[in-house]
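Please walk me through this structure, from the overall fold down to single residues. Keep it brisk.

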Amino acid sequence: STPITLIATDYTEPCDVWGITIHYEIWWDSDNDGTVDTKLVDENVTDDWVTFYFTEECLHEIRWYAVDCLGNTEQLHTQQHRVDDTPPTTVKTFIGPTYDNDFWLQDHGTTVVLDATDYTDPCAVGVDYIHVELWKYNESIQQWENIWIEDIYDDYYEFVIEEDCYHKIIWYAVDYLGNQEEIHEQFNRVDSQPPVTTKTINDPW
């Protein structure tokens with residue numbers, strides 16, 4: 001989605017000529033071995049500028065030069081770029097007590113772990129931050145209320161939910177190119193109170 005533009009200029013005023021043609025090629029590393037091996041584009045554009053995009057991920061190489069109408073040819077230029085269009089993936093786990101497929105948690109006893117990874121090696125740009133929100137349901141007004149919102153500039157984050165009752169966790173990761181993971185939500189109930197036992201005696205003996 002990043003546009004690449006080549007602009008050719010003839011600088012020999014007042015004797016510069018028109019009729020510039022830009023020749024460019026796009027090569028791609030199709031097997032991720034670090035060497036470009038596939039020619040995707042081979043174009044001659046009869047203009048002094050051209051814009052194009054990469055449509056594949058990973059390593060690309062641009063090769064280009066300009067020619068004026070008298071056949072004066074610029075030297076060949078080459079430049080390599082790595083392309084990453086894939087967002088990170090975050091795995092959420094828990095450390096400590098949980099129950100009913102991780103729906104019930106213990107307040108200070110259960111740690112929520114978010115671990116984000118950019119998987120498109122060798123062209124993954126890396127995780128920039130993890131966005132995390134914690135919400136609590138207010139039973140009296142029957143609405144969700146935000147407790148905190150954080151952008152954690154790391155690929156790993158741990159936290160605990162310090163209040164009892166019904167909570168919602170929202171999270172997603174973003175890489176350094178702005179590729180954003182889908183938004184995740186999970187609902188949890190937190191319980192820090194132990195059971196209470198009542199003893200009754202029916203027989204006085």
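Predicted model: local features only at pLDDT ≥ 70, side-chain atom pairs only at ≥ 80, totals over all residues.

The chain holds 15 strands and 0 helices. It has 205 residues, and 33% of them count as buried. The accessible surface of the chain is about 13,000 Å². Carbon and sulfur atoms account for 48% of that surface.

Three strands form an open sheet in the order β7-β10-β13, and the pairing is antiparallel. The edges are β7 (89–95) and β13 (156–160). Each has a single partner strand, so one side of each lacks a neighbour in the sheet. From one strand to the next, the twist averages 20°. Strands of a sheet pair through backbone hydrogen bonds, in either a parallel or an antiparallel way. Here, β10 (residues 111–117) and β13 are joined antiparallel over 5 bridges. Within these strands, aspartate 115 sits opposite tyrosine 156 of β13.

Next, the surface. Val125, Tyr176 and Leu177 make a nonpolar patch of about 310 Å². Where does leucine 177 lie? It is in the loop that links β14 (165–175) and β15 (184–190). Is leucine 177 buried or exposed? Its relative accessibility is 54%, so it counts as exposed, because the cut-off for exposed is over 50%.

Methods. Residues numbered from 1 in each chain as written. Heavy atoms only, no water. Helix = DSSP H or I, 4+ residues; strand = E, 2+ residues; numbered from the N terminus. Buried < 20%, exposed > 50% of the residue type's maximum accessible area, 1.4 Å probe, protein only. Areas by Shrake-Rupley, 256 points an atom, 1.4 Å probe, with all protein chains shown as cover. Patch = residues over 30% accessible without salt bridge, like charges linked within 9 Å, V, L, I, M, F, W, Y side chains within 5 Å. Salt bridge = Lys/Arg side-chain N within 4 Å of Asp/Glu carboxyl O. Pairing = 2+ DSSP bridges. Axes fitted to C-alpha atoms, helices over the stretch in contact; angles between N-to-C directions.
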